[in-house]
Amino acid sequence: MPRAPIESIEPYGRVVALRQGRRVMGLLPPLMDVRCYAVDGLLIDSGLNSFRRQVLSFCQAQRIGQAVLTHHHEDHSGNAATLMAQDVPVLASAATCERVGRGFALAPYQHVMWGQAPRAQPRPVETWLETAHHRFQILPAPGHCDDQIVLFEPQQGWLFTGDAFLGEFVKNFRRDEDFQKTVESLRRLCALSFDSLFCAHKPVPMGGQQALQRKLQLLLDIEGQVQALHRRGLPLRQIAAQVLGPERWLLYAFTLGDVSKYNLVRAILFGPRPRRR
Ligand SMILES: [Zn+2]
């Protein structure tokens with residue numbers, strides 16, 4: 001008998017998160033969780049399509065009147081179509097609108113972890129997004145993917161980062177992640193004044209700016225070490241092992257090499273590899 005998927009409500013003052021994690025094959029614990037956030041009638045990201053019932057009841061409880069997607073990935077855009085069918089306007093960057101409207105291919109592991117997101121046609125978001133009590137500045141933050149945006153609420157010191165953060169100690173990169181753009185985005189975000197960092201996977205409710213700065217510094221340190229070893233002529237896999245530690249082969253095998261330490265080294269030295277569309 002498959003066990004129910006995992007979900008929980010996480011309160012962060014005026015911000016509330018719906019955490020979702022999809023059980024692997026309906027049985028094993030989720031490999032990763034994801035959150036959509038509700039604040040002042042605004043839903044930030046739309047969660048997993050397999051959690052559409054829970055997302056809709058969360059929206060009802062939080063009196064959601066509009067939604068915004070931080071980027072096109074299936075764990076963020078999964079219920080854009082569901083929300084629009086309920087007359088909730090969904091906004092996103094122009095690039096996200098295009099990707100979500102056209103649809104995009106998933107790797108097998110992404111099917112297992114998240115599941116497909118039905119196509120939807122969100123509306124382009126402006127530079128500022130207003131709710132009854134708050135104004136959110138929409139800022140581009142490419143790196144994790146090209147269409148990533150973040151929402152900054154300067155009065156409250158809130159930064160909703162989608163997947164622009166993902167934790168301080170990320171040493172595995174997807175094939176298509178752009179290292180240089182990640183660093184440039186983190187530099188710009190570090191210059192903002194905020195304390196609460198609402199990441200979809202690893203929220204940092206207090207001390208978020210410092211966590212982001214530590215992450216940036218770690219990536220710059222890694223870059224310096226990788227470049228030095230590359231100049232000495234070491235092969236990429238050896239550089240990855242020396243700087244980042246042994247490859248997590250289970251993760252490597254499960255994602256068919258899409259998420260790895262090798263990819264981080266490769267992205268530093270040669271840039272990202274385009275994703276199949
Ligand atoms: Zn993502």
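With 17 C-beta neighbours inside 10 Å, Asp40 counts as partly exposed; that label sits between buried (20 or more other C-beta atoms within 10 Å of the residue's own) and exposed (12 or fewer), with C-beta atoms placed from the backbone. The model is a predicted one, in which local features need pLDDT of at least 70 and side-chain atom pairs count only at pLDDT 80 or more, while totals for chains, interfaces and linings use all residues. Residues are numbered from 1 along each chain as its sequence is written.

Most residues other than glycine have a negative phi. Asp40 is found in the loop between β3 (33–39) and β4 (42–44); strands are DSSP runs of E with at least two residues, helices are runs of H or I with at least four, and both are numbered from the N terminus. Leu166 is another non-glycine residue with a positive phi, here about 65°. Its loop runs between β11 (158–162) and β12 (173–174), and with 18 other C-beta atoms within 10 Å, Leu166 is partly exposed.

Next come some of the strands. β8 (residues 128–130) and β9 (residues 135–140) run antiparallel and are joined by 3 bridges; pairing of two strands takes at least two bridges found by DSSP. With 4 residues between them, β8 and β9 form a hairpin, and Glu130 has Arg135 of β9 as its bridge partner. β9 also pairs with β10 (residues 149–153), again in the antiparallel sense, over 4 bridges. In that pairing, Gln137 stands opposite Phe152 of β10.

As for helices, α7 (residues 208–231) packs against α8 (residues 236–244) at an angle of about 140°, and their axes are 10 Å apart. The axes are lines fitted to C-alpha atoms over the stretch in contact, with angles from 0 to 180 degrees between N-to-C directions. α7 and α8 are therefore oblique to each other, since angles under 35 degrees count as roughly parallel, over 145 as roughly antiparallel, 65 to 115 as roughly perpendicular and the rest as oblique. On the α7 side, the contact is made by Ile222, Gln225, Val226, Leu229 and His230, and on the α8 side by Ile239, Gln242 and Val243; contact here means C-beta atoms, placed from the backbone, within 7 Å. These residues split into 5 nonpolar, 3 polar and no charged, where Ala, Val, Leu, Ile, Met, Phe, Trp, Tyr, Cys and Pro count as nonpolar, Asp, Glu, Lys and Arg as charged, and the others, Gly among them, as polar.

Methods:
Two residues are in contact if their C-beta atoms, placed from the backbone, lie within 7 Å.
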